[in-house]
Amino acid sequence: MQKLFKPHFFTLLFGLLLFSHVAISQEKKALSLDDYHQWNSIRNTSISPNGLWMTYSYVPNDGDSKLHIRKIEGDTVRTAINGKQVNFSMDNQWVAYLTDVPEKSKKAGQPSTSTLELFNLASNTVLTVENTSGYSFSDASNYIAIQKNPADRKAEHKGSDLILKNLKSDKTLNIGNVSSYAFNEKGTLFAYLVDADGDNGNGLYIIDLSNNRSWPLHTGAFTYSQMTWNEEGNQLAVLYGTTKKGNVEQDNTLYWASNLSAGMSALNTQNTYSASADSNFPQDMVISEYSRLTWNEKNTQLYFGVRAQEKELKKDDELKANVDVWHWKDERVQSVQMVQAGRDRRSTYTAVLNLADKKFIQLENEDMPNVSYSDKSQWALGQNNTKYRNDVNIPGNYADIYSVNTRTGEKKLIAERLYWKLGMSPNGEWTVFSREGEVFAYNFGTGKTTNMTAKAGVSFQNVDYDTPVEKPSYGVAGWSKDGKWLLLNNRYDLWAISLNSNEAKNITQGMGDQEEIQFRLARLDPEEDDYDMKQPLLVSAYGEWTKKSGYYTVEMGKKPRVLRYEDSMIGRPTKAKDANKLIYTEQTFVDFPDYWIADLTFKSPKKITDANPQQANFKWGKRILVDYTDQRGNKLQATLALPADYEPGKKYPMVMYFYEKMSQRHHQYSMPTYDDRPHMSTYASNGYLVLMPDIVFDEGKPGSSALDDVTSAAKEVIKLGYADPERIGLQGHSWGGYESSFIVTQTDMFAAVVTGAPLTNLISMYNIAYKQSGSLNGPIIEWSQGRMGVSPWENMQLYQDQSPLFHAQNIKTPFLLLHGTADGAVDWNQGLEFYSAARRLGKEVIMLSYPDEPHHLGKEDNQKDFQIRMKQYFDHYLKGAEAPLWMTQGVPNSDKKRVGPEVMEGNK
């Protein structure tokens, strides 16, 4: 007999379930800075060649990381504290990694050297080697080379002990004073350089791994460097030389040995090239050890670097005065030269030696300082910018490009005054460039230039590129393996343009344009540099307006077929070398980017990591997309984080965070970490909305454009009923700091503004240096992110109109400034200027100045301090919380060590 339940029973059951849900929600706590230490990021991820094993490290915000080695279809078999530089052997039997001492041991004074742990996956046994600087598996044999740290790190010689271990026989060979080493590609030979005290035994040595026989290839009282195998592993090259008294640079000779193989009884060929013996070699230059040696594919050429010899400056000849001469003819201003001084001391010009006839050709020189070469052809691409270097009225990327024959040295002009250079083809037969978005291909052999995009009949110009320079194309997607097709990106679709005919094919069949999905080629094999068009291609997919992402597969002539395309942010996959297994991340605002594994079809994915299970104990919001149109008619989007306990119809306080376009971060996980930005997860957990809007820019009006888009986005969220219009705050840093500083001078619709490292006076900013690079800021303000399009002297009024400083008198909103005194991007005085003007005008301004901090706060204590103060500031102005003492009264410099942000009003 069926049992009947009365209606009031269901009412009671529903009530109990509702009460249970509310109780669970109430049990969760709001996220605070004190909880951040629990969060982990993931590093050191790798998958074994057979796809059965994986490594990953959980790295907490505080404390030591933990490396995990696990069987993908099983459990973790080993963990290690502070593991790093993780690699599997190619036979899937071993995993090696270095470990650092725990933080507590470092603080206790224990030396911070690394230990190698070599773990056997079959036997679960581990071999440890202390005081290790690095290691390398042989990809094709059962050997590992383990380099020890030097016994005396202050010694002039660079060599240290090396252990060469056979992983099958367990036999080891100890070699002393090794400065460099490498296995050949086949794993049959091992080469190393010796650099010993007093040059005793210095030289190039080789070991036959089939019998452990060792013999010298070249020895002498020289310094050896830049040892390199050719791709086949049967030729070896090295530099050796000495520095003559009175000279600065080492005089090097090039040595190479050919026909090397395992089991050989004697060397067949040894050659040297001495620069001093070649009349064609520049007499005032040397072959430099600062640039690596590179073989071409046919083993007929060696590329290396040359630089000018200098005489040592005697102490009596040194200028006693300390002066830097800033001259208007300097191609690089003095500040750039200062920053690049270390690089300049090691800079070289690329040269090539044709081995058959020992013909030397210097490819780069002062006029043509940038030459790209191909190891698969005789051609190189040179850039000559001499006509444009000193023209301060144009952006600095212009150059004339030349074809260079590396066998003869002949140069031929390809195109003049180019801004967008798109590189060479993998086979070295073509170079491509663009003018106003049209892509051209030049064939080195024929000397013919072809307009490739004209064949497609559609525009490839990136019309959304909004900096005031020549508009680019969407870029090169790749090249076909057979050398017949140039692959180009369009806004959404992928195109194949024939190099030898007028044929053009839309690879993605127009699906990108139709559905506004951006398709881009994805590469699973990092060693491949082209695409086999006869095989299905893997393409990434990103929905312009949906923010969905994932992967499709496409064959020429067929519609793309979805593999995985989700309402989340799916990361770039890594393929196991010898198995059809992929690992990749997947994240949303709520879901941390843990790692998943799947086959090449992305079917039945399995989650491998679980880095942050503690998140389940905290309140967490969610994100929605907001569409809006600004006053200029631009269709834009913003991503809006809703509070954890969001109630429809209720209006909430809102923090806005912005830079340029931000909606692409819709599915980005909000990681609680120590830095100088507002964390959307924390603010949403504590009852805030967080809005991240898109901003697009009109030339000459960066501030006005930001004002339009930020206020338009805010008004849309107010209109939709989410935000309380009286309780909206802004936060931006760097360029976002400029935007927030400008906005606070233009409107009173916001209750509080926090601006970090802001540009506030475009005129003074234009005329000072970007300290990190030494470059003057003018080009950045005029042609790059500043987007002004003119100099101040062409339109001073425009610069004043777009500078927050010149509108400080209009400020009606309290604002908080953050700036580090050692900021190398936006000078600290930019913050001081704005603070000084606002203070003089009686505005409610507080400046948090952190001594010796760079553009982004780097010291954890300072990061935590600012996170607390920023939230206190917003909590007071947007939620009505009590203001702390530092906000109401300030902090005397003599008390700054005593009065922290936790001190509230009245609590001294």
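**Figure 1. An open sheet of eight strands in the predicted model.** The strand order is E45-E46-E48-E47-E49-E50-E51-E52, and the pairing is mixed. The model shown here and in the other views is predicted. E45 and strand E52 (845-850) stand at the edges. Each has a single partner strand, so one side of each lacks a neighbour in the sheet. On average, neighbouring strands of this sheet are turned by 20 degrees against each other, direction ignored.

**Figure 2. Pairing of E46 with E48.** E46 and strand E48 (residues 689-693) run antiparallel. Four bridges join them.

**Figure 3. The salt bridge between Asp708 and Arg632.** The two side chains meet at 2.7 Å, N to O. Asp708 lies in helix H7 (residues 702-719). Arg632 lies in the loop between strand E45 (622-629) and strand E46 (635-642). The pair therefore ties together parts that are 76 residues apart in sequence. Asp708 has 7% relative accessibility, so this residue counts as buried. Arg632, at 29% relative accessibility, counts as partly exposed. Both residues belong to a network of salt bridges that links Asp630, Arg632, Asp698, Asp708 and Asp709.

**Figure 4. The salt bridge between Arg78 and Glu117.** The structure holds 36 salt bridges. In this view, the side chains of Arg78 and Glu117 meet at 3.1 Å, N to O. Arg78 sits in strand E4 (residues 76-81) and Glu117 in strand E7 (residues 114-120), so the pair ties together parts that are 39 residues apart in sequence. Arg78 counts as partly exposed, at 23% relative accessibility. Glu117 counts as buried because its relative accessibility is 12%, and buried means under 20%.

**Figure 5. The salt bridge between Lys84 and Asp100.** The side chains of Lys84 and Asp100 meet at 3.1 Å, N to O. Lys84 is part of strand E5, while Asp100 lies in the loop between strand E6 (94-99) and helix H2 (103-107). The contact therefore ties together parts that are 16 residues apart in sequence. Lys84 counts as partly exposed, at 26% relative accessibility. Asp100 also counts as partly exposed, at 21% relative accessibility.

**Figure 6. The second largest pocket and its lining.** The volume of this pocket is about 1,600 Å³. Of the 48 residues that line the pocket, Leu524, Asp525, Pro526, Lys575 and Lys577 are the closest to its centre. Several strands give two or more residues to the lining. These are strand E1 (40-47), strand E5 (83-88), strand E8 (125-137), strand E37 (537-543), strand E39 (561-566), strand E41 (574-575) and strand E42 (581-587). By residue class, the lining divides into 22 nonpolar, 11 polar and 15 charged.

**Figure 7. Pro593 in its loop.** Pro593 lies in the loop between E42 and strand E43 (594-599). Its relative accessible area is 18%, so Pro593 is buried. Asn184 gives a reference point for distance: Pro593 and Asn184 are 409 residues apart in sequence. In space, the two residues are 38 Å apart, C-alpha to C-alpha.

Terms used
Residues numbered from 1 in each chain as written. Predicted model: local features only at pLDDT ≥ 70, side-chain atom pairs only at ≥ 80, totals over all residues. Heavy atoms only, no water. 1 Å grid on protein atoms, 1.4 Å probe; cavity = no way out; pocket = protein on both sides within 12 Å on 5 of 7 lines; lining within 4 Å. Points joined across faces, edges and corners; volume = space filled by probe spheres on them. Nonpolar A, V, L, I, M, F, W, Y, C, P; charged D, E, K, R; others polar. Salt bridge = Lys/Arg side-chain N within 4 Å of Asp/Glu carboxyl O. Buried < 20%, exposed > 50% of the residue type's maximum accessible area, 1.4 Å probe, protein only. Pairing = 2+ DSSP bridges. Axes fitted to C-alpha atoms, helices over the stretch in contact; angles between N-to-C directions.
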